[in-house]
Amino acid sequence: MPTTDTAPSTASATSISLGQIEVRRSSALFMCPGLGSCLGIVALDRAASVSGAAIIMLPQSAGSSDHPGRYANLAVKDLVEQMVAEGAQIERIQLAIAGGARVFRGTGQAGEALDIGGRNTLAVLSAIGSLELNCVAQDTGGELARTLAMDSSTGRVTVKSTCGGEKLLCNLGE
């Protein structure tokens, strides 16, 4: 059931680009638009008023750390490090993720290799687990593109899909 009254205002939202990591030490409205196989991550330490967002594109870097926001194995750690540098405490950081759709089709091993969205989801969840962080909610997989949004002043996280309308995913920091 779509719920439009829970969505963060988009009037002054910070739109996150592919491979970008953004951290704020004050109230922020983050939008991670157009998430197909890419995965959007939003994070909040409500007590410290520190929040962040990222859009990762691929599960693993090929040894390069030039653009950590592009890769799940680097982006989660970098996002958390930036938040801690702004005053967040790692044990209070809560996250939500969305995206990771299966955009490309194939069968057998080729199909598995083409499921970049599924691999992105597994890599992000693995990175979150290795840092012992709390992923409160996720809306991943399937075949629909999504937009992930978070209002850090309320902790509200919403997901809007191309066919499913908009819904409240969770409230971070509660």
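Let's start with confidence. The protein chain has a mean pLDDT of 89, with 88% of its residues at 70 or more. Where pLDDT is low, though, the predicted coordinates should not be read in detail.

On to the fold. The protein chain holds 10 strands and three helices, and going along the sequence they come in the order β-β-β-β-β-α-β-α-α-β-β-β-β. Of the contacts with a separation of 6 or more, 63% link residues 24 or more positions apart. As for burial, 45% of the 174 residues count as buried. The accessible surface of the chain is about 8,200 Å², and carbon and sulfur atoms make up 49% of that.

Now for the backbone. Which loop holds S49, a residue with positive phi that is not a glycine? S49 sits between β4 (39-45) and β5 (50-56). E132, also not a glycine, has a positive phi too, and its loop runs between α3 (116-130) and β7 (134-140). Here are the two side by side:

| Residue | Phi | Relative accessibility |
|---|---|---|
| S49 | about 55 degrees | 40% |
| E132 | near 55 degrees | 73% |

Are these residues exposed or partly exposed? S49 counts as partly exposed because its relative accessibility is 40%, while E132, at 73%, counts as exposed because the cut-off for that class is over 50%.

Terms used:
Residues numbered from 1 in each chain as written. Predicted model: local features only at pLDDT ≥ 70, side-chain atom pairs only at ≥ 80, totals over all residues. Heavy atoms only, no water. pLDDT = per-residue confidence, 0-100. Helix = DSSP H or I, 4+ residues; strand = E, 2+ residues; numbered from the N terminus. Buried < 20%, exposed > 50% of the residue type's maximum accessible area, 1.4 Å probe, protein only. Contact = heavy atoms within 4.5 Å. Areas by Shrake-Rupley, 256 points an atom, 1.4 Å probe, with all protein chains shown as cover.
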